[in-house]
Structures are given as structure tokens and as C-alpha cells.
Amino acid sequence: MALSETFQQVVCAAAQSPQKGRALRKLAMQLLSDLPGYDWCGIYVLEGENLILDEYVGAPTDHTMIPIGVGVCGTAVAEDRNQVIEDVRTLSNYLSCSVSTRSEIVVLIRDSSGRALGQIDIDSHMVGTFGQEDELMLQELGEVIAERWSD
Ligand code: SME
């Protein structure tokens, strides 16, 4: 699948920036937050058995530390696969950041050997915002972030 021009621009802007580490992750979240329906954009870093909130754009959340296996974020790590949730109201294991959230996508950020370093988590106020193309774009963005993971 080819990415739309808008999605390509996000990946290219991150890839072409001279930033690295946390500054690059911040830039990436700012770029994503300009996309329609991308209402909360954040990165969680995997540290031991927990996901720790890193850079984000959007309302502050109580979920700054999420154990593996808990919520959509922790499930992505436990199952070692991305999560695309059409409507979070159908889930029993959902951790709510905002009462307005309806759909969510979590894409794992992996190092070159495939090990999860963390994840990109996006929340939307609309049902069904995220599909295959969003997943692909976030995966490409995750690769850019992973290549320059350290500060
Ligand atoms: N909804 C996530 C928690 C993180 S917030 O969306 C920012 C989850 O269920 O894991």
C-alpha cells in the first residue's frame, strides 16, 4: 500500500530533521497531532515490565506508567503486535485517558533486531479513525524514531 502524500510528509519531515532521541520523538508527536482525528499523540517507552509515558501532545493523562498486559498499550507488548481499535467502548481492558476517546491505535517501535523499544499511541475522538494506512505510516515513523532512539 502506498502512503498518501500527507502521511509521507510526516515520515519525511521526521526523517529529514537533524533531531534525535527525545527531541525527535517530540517532533514526531507534534507532526502527528496536526493530522485530522489524531487528538492525543504519545510515545510510551518500554522499561522492564512497564511502559513509561515519554513525549506526548494532548491532554495530560493519569496513565504515565502502564504494566505489560494492561490496557490497549500493555496488550500490544504482551501480544507483540500492533492494536487498532475501532471503538474503545467495546473493550473491557481499556484504560481511559479521556471520556471523549472513541478509537485508538498502538504501533510498536522496534529496534533493528525486532525487539520492542516502546510504542506510538494515538487516540481519536471519532469512531474508526485508524486503518491499515495509519498503521503503515506509524510503523515507518517508528523506524525513523528507532534509528535515532538515544539522546
Ligand atoms: N488507552 C490506553 C492508555 C493510554 S491513553 O490512551 C493515553 C490503554 O488502554 O492502554
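A term before we start: a cavity is a set of grid points where a 1.4 Å probe fits but cannot get out, and its lining residues have an atom within 4 Å of a point. Keep in mind that this is a predicted model.

Now, the helix. Find α3, residues 71–79. Is α3 largely enclosed or open? Buried here means under 20% relative accessible area. Seven of the nine residues of α3 are buried, so the rest of the structure largely encloses this helix. Here are the buried ones: Gly71, Val72, Cys73, Gly74, Thr75, Ala76 and Val77.

What covers them? The cover includes strands β1 (40–47), β2 (50–57) and β3 (65–67). It also includes β4 (83–85), β5 (103–110) and β6 (116–124). After α3 comes Asp80. Its phi is positive, near 55 degrees.

Next, the empty space. Rolling a probe the size of a water molecule over the atoms shows where such space is left. How many cavities of 30 Å³ or more are there? The count is one. The largest cavity holds about 80 Å³ of space.

Who lines the largest cavity? Among the lining residues are Gly71, Val72 and Cys73, along with Tyr44, His63, Glu104, Asp121 and Asp123. Which element gives the largest share of that lining? Helix α3 does, with three residues. Both α3 and β6 supply at least two residues each. By type, the lining splits into seven nonpolar, two polar and three charged residues.

That's my tour. Thanks.

Methods
Residues numbered from 1 in each chain as written. Predicted model: local features only at pLDDT ≥ 70, side-chain atom pairs only at ≥ 80, totals over all residues. Heavy atoms only, no water. Buried < 20%, exposed > 50% of the residue type's maximum accessible area, 1.4 Å probe, protein only. Helix = DSSP H or I, 4+ residues; strand = E, 2+ residues; numbered from the N terminus. Contact = heavy atoms within 4.5 Å. 1 Å grid on protein atoms, 1.4 Å probe; cavity = no way out; pocket = protein on both sides within 12 Å on 5 of 7 lines; lining within 4 Å. Points joined across faces, edges and corners; volume = space filled by probe spheres on them. Nonpolar A, V, L, I, M, F, W, Y, C, P; charged D, E, K, R; others polar.
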